[in-house]
Amino acid sequence: MKRKLFVICLPFVVVSLFLIACDIYIKFSDSLRFPCILYTLTGYLCPSCGATRCIKALLKGKIVRSFINNPLIFLLIVFIILIYIQLFLKTFFKTEKKIIPESKFFYIALSGIILIYCIVRNFIP
């Protein structure tokens, strides 16, 4: 019973904490700027460069602007939702159905997508 209550409350707690953290960060983001180490050292954008602008735009409802800033955030959101659905199915329906593959090939392909994104982002105007 406790596990079911936890699984039901989990997304609400996570989203609430995320929104609170984003609100606090947005209020103080002008004074709290952390430079990207990879960009500082090499001049190339890392996969997470633009994530702050992406989240800010997403919270303001500007989905297209958010996607332009960093489309990988949307991949992360889908990934988190799929993990939650898998947990929900396991808890309430006692099924071991895997929505996210646990094979090496899946994670190699995902890493390849991120690598291609970095290459396109840095070398193709």
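Predicted model: local features only at pLDDT ≥ 70, side-chain atom pairs only at ≥ 80, totals over all residues.
A residue counts as buried when its relative accessible area is under 20%, as exposed when that area is over 50%, and as partly exposed in between.

**A buried glycine**

Gly50 is located in the loop that runs between helix 2 (37-42) and helix 3 (51-59). Is Gly50 buried or exposed? Its relative accessibility is 10%, and Gly50 therefore counts as buried. Leaving aside residues up to four places away in sequence, Gly50 touches Asn69, Asn70 and Arg121. Ser16, by contrast, is 34 residues from Gly50 along the chain, and the C-alpha atoms of these two residues are separated by 23 Å.

**How the helices pack**

| Helix pair | Angle | Distance between axes |
|---|---|---|
| Helix 1 and helix 5 | about 160° | 10 Å |
| Helix 5 and helix 6 | about 160° | 11 Å |
| Helix 1 and helix 3 | about 110° | 11 Å |

Helix 1 covers residues 2-28 and helix 5 covers residues 72-92, and the two pack at an angle of about 160°. Because of that angle, helix 1 is roughly antiparallel to helix 5, and helix 1 passes helix 5 in a left-handed crossing. On the side of helix 1, the contact is made by Arg3, Lys4, Val7, Ile8, Leu10 and Pro11, while helix 5 contributes Tyr84, Leu87, Phe88, Lys90, Thr91 and Phe92. Sorted by class, the residues in this contact of helix 1 with helix 5 are 8 nonpolar, 1 polar and 3 charged.

Helix 5 also packs against helix 6, at an angle of about 160°, and these two helices are therefore roughly antiparallel to each other. Their crossing is left-handed. Which residues of helix 5 and helix 6 meet? Leu72, Leu75 and Phe79 in helix 5 meet Phe106, Tyr107, Leu110, Ile114 and Tyr117 in helix 6. When the residues of this contact of helix 5 with helix 6 are divided by class, there are 8 nonpolar, no polar and no charged residues.

The packing of helix 1 with helix 3 has an angle of about 110°, and that makes helix 1 roughly perpendicular to helix 3. Helix 1 passes helix 3 in a left-handed crossing. Here Phe18, Leu19, Cys22, Tyr25 and Ile26 of helix 1 meet Thr52, Ile55, Lys56 and Leu59 of helix 3. By class, this contact of helix 1 with helix 3 consists of 7 nonpolar, 1 polar and 1 charged residues.

**Aromatic rings**

A pair of aromatic rings is described by two quantities, namely the distance of the centres and the angle of the planes. How many aromatic pairs does the structure hold? There are 7 aromatic pairs in the structure. One of them joins Phe79 and Phe106, whose ring centres are 6.5 Å apart and whose planes lie at 10°, so this pair is stacked. Since Phe79 lies in helix 5 and Phe106 in helix 6 (residues 104-123), the pair ties together parts that are 27 residues apart in sequence. Phe79 has a relative accessibility of 23% and so counts as partly exposed, and Phe106, at 23%, likewise counts as partly exposed.

Phe106 also forms an aromatic pair with Tyr107, and this pair is edge-to-face, with 5.0 Å centre to centre and 80° between the planes. Tyr107 counts as partly exposed, because its relative accessibility is 37%. Elsewhere, Tyr84, Phe88, Phe92 and Phe93 form one aromatic cluster.

**The loop between helix 5 and helix 6**

Two lysines can be followed in this loop. Lys94 is found in the loop between helix 5 and helix 6, and its relative accessibility of 65% means that Lys94 counts as exposed. Most residues other than glycine have a negative phi. The phi of Lys94, however, is near 50°, a positive value in a residue other than glycine.

Lys98 also has its place in the loop between helix 5 and helix 6, and at 45% relative accessibility Lys98 counts as partly exposed. Although Lys98 and Leu82 are 16 residues apart along the chain, their C-alpha atoms are separated by 9.6 Å.

Conventions
Residues numbered from 1 in each chain as written. Heavy atoms only, no water. Axes fitted to C-alpha atoms, helices over the stretch in contact; angles between N-to-C directions. Helix = DSSP H or I, 4+ residues; strand = E, 2+ residues; numbered from the N terminus. Parallel < 35°, antiparallel > 145°, perpendicular 65-115°, else oblique. Left-handed = near helix turned anticlockwise from the far one by under 90°. Contact = heavy atoms within 4.5 Å. Nonpolar A, V, L, I, M, F, W, Y, C, P; charged D, E, K, R; others polar. Phe/Tyr/Trp six-rings, centres within 6.5 Å; stacked < 30°, edge-to-face > 60°. Buried < 20%, exposed > 50% of the residue type's maximum accessible area, 1.4 Å probe, protein only.
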